[in-house]
Amino acid sequence: MTENKRIRFVLNISAEQYLRYYQGVSRRISTVTEDGLRIEFPARNIQRFLTRDGIQGMFEMEISPANKFIAINKIR
């Protein structure tokens, strides 16, 4: 059985920037992983990490072997 993949990336999104996602102006986050790959995912997947300062930190996304989203966790 193939294991889930884990992808690490850093986000530094101000509260004002995230407001555009919240308002529906933009619905997807685009960032570069530690390995240099560009990934894109729905902004709602990181909403739980939103503070009044925005969303900052190192995150790890878990995806299935079929590239289906499983979870995002903040690791730093």
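In the predicted model, Arg-28 and Glu-40 form a salt bridge whose closest N and O atoms are 2.9 Å apart; the term denotes a side-chain nitrogen of Lys or Arg within 4 Å of a carboxyl oxygen of Asp or Glu. Arg-28 belongs to strand β2 (residues 28–32) and Glu-40 to strand β3 (residues 38–42), so the contact ties together parts 12 residues apart in sequence. Strands (E, at least two residues) are DSSP runs, numbered from the N terminus. Arg-28 is partly exposed, at 39% relative accessible area, and Glu-40 is also partly exposed, at 48%. Here buried means under 20% relative accessible area, exposed over 50%, and partly exposed in between (1.4 Å probe, protein chains only).

Residues are numbered from 1 along each chain as its sequence is written, and side-chain values use heavy atoms, with hydrogens and water left out. Because the model is predicted, local features need pLDDT of at least 70 and side-chain atom pairs count only at pLDDT 80 or more, whereas totals for chains, interfaces and linings use all residues.

A search of the whole structure returns four salt bridges. One of them joins Arg-6 to Glu-62, with a closest N and O separation of 3.5 Å. Arg-6 lies in strand β1 (residues 5–13) and Glu-62 in strand β4 (residues 55–63), so this pair connects parts 56 residues apart in sequence. Glu-62 is buried, at 15% relative accessibility.

Arg-8 pairs with Glu-60 in a further salt bridge, at 3.1 Å between the closest N and O atoms. This pair likewise links strand β1 with strand β4, its members being 52 residues apart. Arg-8 is partly exposed, at 35%, while Glu-60 is buried, at 14%. Arg-6, Arg-8, Glu-60 and Glu-62 are linked in a salt-bridge network.

Definitions and conventions. Helices (H or I, at least four residues) and strands (E, at least two) are DSSP runs, numbered from the N terminus.
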